[in-house]
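Biologist: I would like to go through this model feature by feature. Please give the rule for each term before the case.

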Amino acid sequence: MSDDHPSCCAPARGEAAAPPPVPTTRGEHGVEQVVLSGGSFAMGNSNGDENTADGETPVHQVELAPFSIDATSVTNADFARFADSTGYRTEAETFGYSAVFHLALAAEPDAVMGPASGTPWWVGVRGADWRHPGGSRSDLDGLDDHPVVHVSWNDAVAYSKWAGRRLPTEAEWEYAARGGLEGARYPWGDELIDDELTGEWRCNIWQGEFPRTNTEEDGYLTTAPVHTFQPNGYGLWQMVGNVWEWCADWFGPRYYKFSPAENPPGPSLGAARVIRGGSYLCHDSYCNRYRNAARSSNTPESSMGNAGFRTVGLTRPE
Ligand SMILES: [Ca+2]
Ligand SMILES: [Ca+2]
C-alpha cells in the first residue's frame, strides 16, 4: 500500500513481481450471475461518515451500461476448478507466503515470519495460500462454499480471463452494492442492525474488541459461506463484510473530483488496486469500511486472508 492513504485493513507485499502466467483457455465459471440494467446513480458518500483520506466524496452522478455480475464472490470450489484445469499457481504460492490474521493461524511455529509493521494482527506466514488459509496446518475441508482468499489482484484477473469475464469497475461495484437504495449506508439500508425487525446481523464483520476478542455475534470469526445472511435488492450476497473484493481500477483518492460521468474506468495510473466492501475484520473501532461508499486498496501482487473477488460479464447483456 502506498503512504498517501491509510489502508488499514490489509498488509501489502513488499516487492513487485513479474506478472503470473495467464491461462488462455476459457473456463467453466460456476458462480450464478445477476443482470443489472445500469443507468444513472449517485456514487460516493452522502452519509457524513466517510474516511476523508480515502476519497469517498464528492458524491457524483455516474451513468453505467448494463452488465452482469456474480451474485456471490468466487468460492474455493470455483477457484479449484480453475487451478486444477490450468495448473495456475497464485502469487502467494509463488512467493511462498501470505498474510494471515493472528487468530486464524494454523501453521508450524517457524513458518510465522512476524507481524506486519503498523498492523500487528497480520502475520506473514510461509505456506499460507488459498488452499491453506491459516497456514500449512489448515486446508479447505468444509470451506468449498466459502470465498477464495489469499488471491492477489493479478490472480483474480487470471481467473476472470479463464472464465471469459473481468473484474467489476469500482463504479459498477458500488452501483451493485447499493442494490437500488439511493444514498443508503449499507446494501440493505442505513442501520447496521435493524432491532425492530429481527435483531440479527446482516453481514459478517467483527464484534467485540478488535483485534483480540471476537464475540462472533454474527456467527463467524473469519469467512462465512457465500450464501450467508440475505442478498441485497439486486440479489447480490455479502457485498459488504465477509471478504474485501478486488475491483479493476487503480486506486485514486482524488479520482471522484474529475472522473468521467459515463462508465468511469478508474485512474489511468496507480500503485494499488481498489478493494471494496470490507471484511470479517471490520469494526467501528478500527476499520469502518463495511459500507457501500467505503474505499480501500492494496498492491496488485498482495494477498491476504480476507480478500477475494467477484466477476462481471465481458459483453453487455441484452
Ligand atoms: Ca464475524
Ligand atoms: Ca464482500
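Modeller: Start with strands: helices (H or I, at least four residues) and strands (E, at least two) are DSSP runs, numbered from the N terminus. Two strands pair if DSSP finds at least two bridges between them. Here, Trp-250 has Arg-273 in β12 as its bridge partner. This is a predicted model, in which local features need pLDDT of at least 70 and side-chain atom pairs count only at pLDDT 80 or more, while totals for chains, interfaces and linings use all residues. Residues are numbered from 1 along each chain as its sequence is written, chains are lettered from A and ligands numbered from 1 in the order in which they are written, and side-chain values use heavy atoms, with hydrogens and water left out.

Biologist: How many bridges join β11 to β12, and what is the strand order of the open sheet?

Modeller: Strands β11 (residues 244-250) and β12 (residues 273-276) run antiparallel and are joined by 3 bridges. The open sheet has 4 strands in the order β13-β12-β11-β14, and its pairing is mixed. At its edges are β13 (296-298) and β14 (307-308), each of which pairs on one side only.

Biologist: Is helix α3 largely enclosed or open?

Modeller: Buried means under 20% relative accessible area, exposed over 50%, and partly exposed in between (1.4 Å probe, protein chains only). In α3 (residues 153-162), 9 of the 10 residues are buried, so the helix is largely enclosed by the rest of the structure. Among the buried residues are Trp-153, Tyr-159 and Trp-162. Contact means heavy atoms within 4.5 Å. The cover over the buried residues of α3 includes α1 (76-86), α2 (91-95), β8 (165-166), β11 and β12. Just after α3, Gly-164 has a positive phi of about 70°.

Biologist: Which protein atoms are donors of the calcium ion (ligand 1)?

Modeller: Donors are N, O and S atoms within 2.8 Å of the metal (3.2 Å for Na, K and Ca); water is not among the atoms, so sites may look incomplete. For the calcium ion (ligand 1) they are Asn-204 (OD1), Ile-205 (O), Asp-218 (OD), Asp-218 (OD) and Tyr-220 (O), at 2.2 to 2.6 Å. Asn-204 lies in the loop between α4 (170-178) and β9 (208-209), and Asp-218, 14 residues apart from it, in the loop between β10 (213-214) and β11. Asn-204 is buried at 0% relative accessible area, and Asp-218 is buried at 8%.

Biologist: How many disulfides are there?

Modeller: A disulfide is a pair of cysteine sulfur atoms within 2.5 Å. By this rule the count is 0. The sulfur of Cys-282 is 3.8 Å from its closest cysteine sulfur, in Cys-287, which is too far for a bond. For Cys-203 the closest is in Cys-282, at 8.8 Å, also too far.
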